[in-house]
Amino acid sequence: MVLLKGFVKPEDQIGMVRMCRQLGKGPGGFYKPSFKNGAKLNLWMMSLGKNWDPTLRSYGPTRPFDGAQAPTIPDAFKRIAQTANSTASEFPQINPDICIVNYYTNSGKLGLHQDKDESESSLTKGLPFISISIGDTAEFLFGDTRDQDQATKINLESGDVLILGGESRLLFHGVSHVKTNTAPSWLKEETGIRPGRINLTFRQY
């Protein structure tokens with residue numbers, strides 16, 4: 001696991017916020033997902049490249065509930081993710097064909113879980129996923145089990161990139177809470193970003 005602090009340049013963060021807003025308002029944009037039992041996740045989600053269905057825990061070209069096709073991952077997003085991937089040279093390089101964009105309000109959180117719905121080949125090779133944080137700081141948890149009390153806690157700030165691959169690829173991880181009013185002032189001034197946090201996670205199926 002590698003954490004690249006402040007890796008994403010301010011101008012790129014601004015561009016990502018603006019593009020997420022544009023894509024999020026269109027077909028296949030942000031929605032509030034739910035689990036198989038009907039419980040809603042405490043965040044808003046948008047899938048780029050391929051749609052991820054949290055009820056079936058699988059990927060497909062469209063969303064079952066409205067038939068919307070997953071928007072294409074912007075080239076600028078891929079460039080930033082792949083540059084981060086190259087910087088963390090201990091990991092194999094991926095060609096991301098999936099980007100899950102989560103927007104957490106100040107009350108948003110996500111319980112400890114594993115990202116293991118990618119292909120068997122991707123998981124067996126330990127291909128990394130690349131997580132970019134923009135906006136307010138989040139307290140991020142990770143550990144070998146789903147026990148939150150045993151998890152390690154770190155702060156993910158705007159512009160940070162976290163990469164999990166190899167032996168750490170299937171670590172349990174989640175977000176305990178978002179720290180209010182911690183986004184950079186320049187980001188708020190340039191984008192009018194709402195309170196909360198945008199997280200973009202890139203994967204190769």
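Y31 is buried, with a relative accessible area of 13%. Buried here means under 20% relative accessible area, exposed means over 50%, and partly exposed lies in between (1.4 Å probe, protein chains only). This is a predicted model, in which local features need pLDDT of at least 70 and side-chain atom pairs count only at pLDDT 80 or more, while totals for chains, interfaces and linings use all residues. Residues are numbered from 1 along each chain as its sequence is written, and side-chain values use heavy atoms, with hydrogens and water left out. Helices (H or I, at least four residues) and strands (E, at least two) are DSSP runs, numbered from the N terminus.

**Aromatic pairs**

- The structure contains three aromatic pairs.
- One of them joins Y31 and F65, with ring centres 4.8 Å apart and planes at 45°, a tilted arrangement.
- Y31 sits in the loop between α1 and β2, and F65 in the loop between β4 (58-60) and α2, so this pair links distant parts of the chain, 34 residues apart.
- F65 is exposed, at 52% relative accessibility.
- Another pair, Y59 with Y205, is edge-to-face: the centres are 5.7 Å apart and the planes make 75°.
- Y59 belongs to strand β4 and Y205 to the segment after β12; the pair links distant parts of the chain, 146 residues apart.
- Y59 is buried, at 16% relative accessible area, whereas Y205 is partly exposed at 39%.
- Cut-offs: rings of Phe, Tyr and Trp (its six-membered ring) pair if their centres lie within 6.5 Å; planes under 30 degrees apart are stacked, over 60 edge-to-face, and the rest tilted.

**Salt bridges**

- The whole structure has nine salt bridges (a side-chain nitrogen of Lys or Arg within 4 Å of a carboxyl oxygen of Asp or Glu).
- D160 and K5 form one of them, at 2.6 Å from N to O.
- D160 lies in the loop between β9 (152-156) and β10 (161-164), and K5 in the loop between β1 (2-4) and α1 (10-24), so the bridge ties together parts 155 residues apart in sequence.
- D160 is buried, at 2% relative accessible area, while K5 is partly exposed at 46%.
- R79 bridges to D12, with the closest N and O atoms 3.5 Å apart.
- This pair links distant parts of the chain: R79 is in helix α2 (residues 75-87) and D12 in helix α1, 67 residues apart.
- R79 is partly exposed at 44% relative accessibility, but D12 is buried at 18%.
- R169 and E118 meet in a salt bridge of 2.7 Å, N to O.
- R169 lies in the loop between β10 and β11 (172-178), and E118 in the loop between β6 (110-113) and α3 (120-124), so parts 51 residues apart in sequence are tied together.
- Both R169 and E118 are buried.
- D115, E118, R169 and R203 are linked in a network of salt bridges.

**Around E118**

- E118 has a relative accessible area of 6%.
- Leaving out residues up to four places away in sequence, E118 touches Y59, L123, R169, R203, Q204 and Y205 (contact means heavy atoms within 4.5 Å).

**Helix α2**

- The 13 residues of α2 should span 18 Å at 1.5 Å a residue, and its end C-alpha atoms are 18 Å apart, which agrees.
- That expected span is 1.5 Å times one less than the number of residues.
- The buried residues in α2 are F77, I80, A81, A84 and N85.
- Viewed down the axis of α2, these buried residues fall within an arc of 135°, so they line one face of the helix.
- The arc is that of the directions from the helix axis to the C-beta atoms.
- The packing partners of the buried α2 residues are β1, α1, β2 (44-48), β7 (129-135), β10 and β12 (197-203).

**Cysteines**

- The structure has zero disulfides (pairs of cysteine sulfur atoms within 2.5 Å).
- The cysteine sulfur closest to that of C20 is in C99, at 7.1 Å, too far for a bond.
- C20 is buried at 1% relative accessibility, and C99 is buried at 0% relative accessible area.
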